[in-house]
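Subject: The structure you asked for

Hi,

Here is the structure to look through. Have it open while you read, and my notes follow below.

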Amino acid sequence: MIRQPLFHILALLLDYPDNALRTALPELRTDLLAEVRLLSSERSVVLQHIDWMEMQEPLALEAKYVETFDWTPSCDLHLSTHLLPEDDRGRGTVLLRLLEHYSAHGWIPSNHCLPDYLPVILDFAATLTTEESRVFLAGAQESISILERNLRAVHSPYADLVAIILPYAQLVDKLRAGVES
């Protein structure tokens, strides 16, 4: 059940732009965005990104995605790579804990994706209540911030999509700071 449709939309737009996604772009624009409550700034970013994706030739869009997320290590969508080297045993622990967290909520990610893959994280967050999703995303705030900064450094059109997530992850910190004062 999708409770946070914005996160589901972002998960789709940050995933590999295969034919199924490209075919779904008009539906995302008309149906989902018309029905989903978004801030005007969020709506603008999502619509601009969909427009950009639709203007690209399919192979060029796929090549841009691969160049950005697969060939540029600093822009890896696997969030644990921004904090831990791939050969660090701690990364395995992070992945296992994420899987256990998903399982405890009765949710199982796709078999072909690691649990720290940002579209997987966003799809899971989409199933949570507003407060639960903010607490969950706060755990990934540092990695999401690093990814957003790295995407901006390479002038990626995906940077604005990732930037939309940050206020949802940071709100918990603001609330905690208020409680601790």
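Two residues are in contact when they have heavy atoms within 4.5 Å of each other. Keep that in mind for Leu137: leaving aside its neighbours within four places in sequence, Leu137 is in contact with Phe7, Ile121, Leu122, Ala125, Ile144, Ile165, Tyr168 and Ala169. Before going on, note that this is a predicted model.

Leu137 also turns up in the largest nonpolar core, which has 52 residues. The residues with the most contacts inside that core are Leu13, Leu14, Leu118, Leu122, Phe136, Leu137 and Tyr158. Helix H9 (residues 159-180) gives the most to this core, with eight residues. As background, nonpolar side chains tend to be buried together in soluble globular proteins.

Now try helices H6 and H7. How do the axes of H6 and H7 cross? The axes of H6 (residues 118-125) and H7 (residues 130-138) come within 9 Å and cross at roughly 155°. Angles over 145 degrees count as roughly antiparallel, so H6 is roughly antiparallel to H7. On the H6 side, Ile121, Leu122, Phe124 and Ala125 meet Ser133, Phe136 and Leu137 of H7. By class, that contact has six nonpolar residues, one polar and no charged ones.

H6 itself is largely enclosed by the rest of the structure, because seven of its eight residues are buried. These are Leu118, Pro119, Val120, Ile121, Leu122, Phe124 and Ala125.

At 1.5 Å a residue, the 13 residues of H4 should span 18 Å, and its end C-alpha atoms are 17 Å apart, which agrees. Its buried residues are Leu61, Glu62, Tyr65, Val66, Thr68 and Phe69. What covers them includes helices H1 (5-14), H2 (19-35), H3 (40-55) and H8 (141-153).

Two other residues are worth a click. The C-alpha atoms of Ala104 and Thr81 are separated by 24 Å, with the two residues 23 apart along the chain.

The other is His155, found in the loop between H8 and H9. His155 is exposed, with a relative accessible area of 69%. Its phi is near 55°, a positive value in a residue other than glycine. Most residues other than glycine have a negative phi.

Cheers

Technical notes. Residues are numbered from 1 along each chain as its sequence is written. This is a predicted model: local features need pLDDT of at least 70, side-chain atom pairs count only at pLDDT 80 or more; totals for chains, interfaces and linings use all residues. Side-chain values use heavy atoms; hydrogens and water are left out. Helices (H or I, at least four residues) and strands (E, at least two) are DSSP runs, numbered from the N terminus. The expected span of a helix is 1.5 Å times one less than its number of residues. Buried means under 20% relative accessible area, exposed over 50%, partly exposed in between (1.4 Å probe, protein chains only). Axes are lines fitted to C-alpha atoms, for helices over the stretch in contact, and angles run from 0 to 180 degrees between N-to-C directions. Angles under 35 degrees count as roughly parallel, over 145 as roughly antiparallel, 65 to 115 as roughly perpendicular and the rest as oblique. Ala, Val, Leu, Ile, Met, Phe, Trp, Tyr, Cys and Pro count as nonpolar, Asp, Glu, Lys and Arg as charged, and the others, Gly among them, as polar. A nonpolar core is a set of buried Ala, Val, Leu, Ile, Met, Phe, Trp, Tyr and Cys residues joined through side-chain atoms within 4.5 Å.
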